[in-house]
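Have a look at it first.

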Amino acid sequence: MRGSDPDAAVYYLAKMLTAGEDIKFIARRIMICAAEDVGMADPNALSVAAAASLVVERVGLPEARIPLAEAAVYVATAPKSNAAYLAIDRALENVSRVKTSVPGHLMNIHANGAGDEEKAVGYKYAHDYPNHFVRQQYLPDEIKNERFYEPGEIGYEKTVNDRLKKIKEETS
């Protein structure tokens, strides 16, 4: 699937089914590939893979081979991007290394009770602004200039990238 060869994907699926591999394991691997290798280039790949997994659980073999094949072919033929995978790993590494605090304007004023008068001051509600976007700081002060997610130019990620560029231009 990672190599974008639907024939190989279906062939190895058939090999695993013939060998008696657990179909839940196969479904999990397809979901992982959809998330890890396709990612935001085609976010529907994960939905297709998850739907196949649900059929595996509810229907079983021999019928489950069909949605497994559909999911394997979908994931194999989908555009690929690991940008979200890289983003979460970067963010996890940052969280383990840098101590931060949530900006006051993002804090939930109903959370603790103490000091609530300082929480949420200055918060801008995105839906009150054109295009439902307003520039404000969302990351903690300590890492306010970090960038974790870097979308590519393939598939749906190009749309995401274009939107983020447009937002930056409009609010700069």
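Is Y11 buried, exposed or partly exposed? This is a predicted model, by the way. With a relative accessible area of 46%, Y11 counts as partly exposed, because that label covers values between 20% and 50%.

## The nonpolar patch

Helix α1, spanning residues 6-19, is its main contributor, supplying three residues.

Now for the inside. In soluble globular proteins, nonpolar side chains tend to be buried together. Here, the largest nonpolar core has 20 residues, and the members touching the most other members are I30, V56, L68 and V75. Two or more residues each come from α1, α2, α3 and α4 (65-77). Helix α2 gives the largest share, seven residues.

Leaving out residues up to four places away in sequence, V75 touches M1, I30, C33, A34, V38, A45 and K80.

## A buried aspartate

You'll find D42 in the loop that links α2 (23-38) to α3 (44-58). What does D42 touch, not counting residues up to four places away in sequence? The contacts are Y74, A78 and P79.

D42 is buried, yet it has no salt bridge. The nearest side chain of opposite charge belongs to K80, 8.7 Å away, and a salt bridge would need a separation within 4 Å.

How values were computed:
Residues numbered from 1 in each chain as written. Predicted model: local features only at pLDDT ≥ 70, side-chain atom pairs only at ≥ 80, totals over all residues. Heavy atoms only, no water. Helix = DSSP H or I, 4+ residues; strand = E, 2+ residues; numbered from the N terminus. Buried < 20%, exposed > 50% of the residue type's maximum accessible area, 1.4 Å probe, protein only. Lys, Arg positive; Asp, Glu negative; His and termini not counted. Contact = heavy atoms within 4.5 Å. Core = buried A, V, L, I, M, F, W, Y, C linked by side-chain atoms within 4.5 Å.
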